[in-house]
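Please open the structure in your viewer and keep the selection tool at hand, as this tour goes from one selection to the next.

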Amino acid sequence: MSEHKMKKIYLYSKFERFWHWVQSVLIILLLVTGFEVHGSFELLGFMKAVDIHNTIGLTWLILFVFIVFWMFVTHEYKQYIPTTKKLFEVAMYYSSGIFKGEPHPVQKSKNAKHNPMQRLTYLGLTAVLLPFQMVTGLLYWAYNDWADWGLGFLDLEVLALLHLIGGFAILIFLIVHVYMTTTGHTITAHIAAMFSGWEEVPEEETVPDWERKAERH
Amino acid sequence: MGRPSRQNCGSCHFYGGGGDAVKHGDLDSSLVKPAKNLDVHMGTLESGGQNFTCSRCHTTRNHHIAGRIYDKPAALERKSLLQDDLGDKIMCESCHGMQPHKSGGMDSKLNDHVDKVACQSCHIAEFARSQPTKMSWDWSVAGQLRDGKAKVKGPDGKAVFVKKKGAFVWEQNVVPEYYWFDGTLDYVTVEDPIDPTGEVWLNRPNGSYDDPFSRIMPFKVHRGKTPYDKVNKVMVIPHLFPRNKEDKDAYWKSFDWQKAIKSGMKYAGQKYSGEYGFVDTAYVFPTTHMVAPREKALDCAQCHTKDGRLENLEGFYMPGRDSVELINAAGWTGVIGALVAVFIHGVMRFVAGLRRKED
């Protein structure tokens, strides 16, 4: 890959970078305090852990609403529309090509920030896992109002365990996600891009039409 | 006539069971003139307490505290364990209301608990804080001598062995046991069949998680070894006090259980098989006095942890205490699996990279 000439493109806007990093900090804190509340270890003490978990959870919910709003206003949500094209190639790349030094089968571009595997992953994350975690978390938080809200049929244990399963899923995502950032043309390339907004991509690569985000109107 | 003093009421209530602090772990002579530390309500004014008399809480009149006037009936629908004994029902909520803690932050989390956890559970972290209370009574060793003596005293001066009664265990600063409680107790009578293979609960708190009037309540549990009828599987009533000098049937005359039980059961009009044994028993006392200052209230983690104070209460979920091991195991396996996978992938990339450089 290093034989390719590289060029820099501006991939991640300020707001995207901001929400990415704020969200990452919030999620890590939620994981730590969440598992402490669950009784997995002792760090801050149960009361602090509950307190911080609640506060951050609500903060994140508000931020998330803004993120989703922004995605629809800017049409960035289209970056997440799933496709199976080249999905197989991408999977093959990470399971074998990457060891042979082959180039990535899908290049990043302004209109196609995510490869097909990322699209699927991030769509699952943003549209399913994170909202699931927020809904179960919010219900958990509102436990004492269930009767008033007509939610008396809910069961705290079931809800808490669903929330726990979501927590495990997010933790596993986080591990793989952080590792995947090291698979750029240098180990820190992707992380650096998420700070600066500029990603280095090989030159002279044309982005196929299907990869392109539909033009804005 | 003045109001009755704590001494007046206490002359009976402190000495229940034949001596000071024997029965109740939360009502003893140390409440005649306690410091606030022992009881925030009955504590002396000098120590920062309220100097309440017993009748301040046990009265039929409405309760008014400065700045807080409650027009709701005192009992707020919850039942009372105070039967005919001291008159009216009184609850902590009668004076403090249903939301005694500040609203906002973790204080409102405390208010969230009051529908399931009785105030006493958090506010009386330990009972018998001033003098030891009797926690167990083993009748089976009565009638003998211990080290050749008819009475042996423990380090705190309380009798640990008395020939007439058996062996006692006294404890101070006792952590209560917690049970669901709707304000009523079920008692075992001499007519109720018992299961002598386990501990026999001579009384048992009623209540459950699903009952909206039940709360988790702290109890002193007094254990014992008590005579029972081995064949009919019922508790027995031994005849203890000699009626006169000639009364050879009385246990405290001849120290003969057989005769004492036969005579006691006959007097009570109950059948007795003629075979007795000793069974482990438990008897509960709700703990409601000796409310400690707020700083001494329970921490969240004393309940919300695996082997915390509520570890024996089942059938409901508490964060930090409960989990489903299968989910934990699967979750952590997934997490470790992910770590191992990315580690191996990384090593393979590294090695493959080195090889390519060599070529």
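**Two helices in contact**

Begin by selecting A:Arg17, A:His20 and A:Trp21 in H1(A), which meet A:Ile191, A:Ala193, A:Met194, A:Phe195 and A:Ser196 in H6(A); contact means heavy atoms within 4.5 Å. By class, this contact of H1(A) with H6(A) has five nonpolar, two polar and one charged residues. This is a predicted model, in which local features need pLDDT of at least 70 and side-chain atom pairs count only at pLDDT 80 or more, while totals for chains, interfaces and linings use all residues. Residues are numbered from 1 along each chain as its sequence is written, and side-chain values use heavy atoms, with hydrogens and water left out.

Now show the whole of H1 (residues 14-38) and H6 (residues 189-196) of chain A, which pack at an angle of about 115 degrees with their axes 8 Å apart.

**Two cavities**

How many cavities of 30 Å³ or more does the count come to? The count comes to two, where a cavity is a set of points on a 1 Å grid at which a 1.4 Å probe fits but cannot get out, and lining residues have an atom within 4 Å of a point.

For the largest cavity, with about 40 Å³ of space, select its lining residues, among them A:Glu16, A:Trp19, A:Trp70, A:Met71 and A:Lys113. H1 and helix H2 (46-73) of chain A are the elements that give two or more residues to this lining, which by class has four nonpolar, two polar and three charged residues.

Then move to chain B, where B:Val117, B:Ser121, B:Tyr178 and B:Leu310 are among the residues that line the second largest cavity. That cavity holds about 30 Å³ of space, and its lining has seven nonpolar, one polar and no charged residues.

Note on methods: Chains lettered and ligands numbered in written order. Axes fitted to C-alpha atoms, helices over the stretch in contact; angles between N-to-C directions. Helix = DSSP H or I, 4+ residues; strand = E, 2+ residues; numbered from the N terminus. Nonpolar A, V, L, I, M, F, W, Y, C, P; charged D, E, K, R; others polar. 1 Å grid on protein atoms, 1.4 Å probe; cavity = no way out; pocket = protein on both sides within 12 Å on 5 of 7 lines; lining within 4 Å. Points joined across faces, edges and corners; volume = space filled by probe spheres on them.
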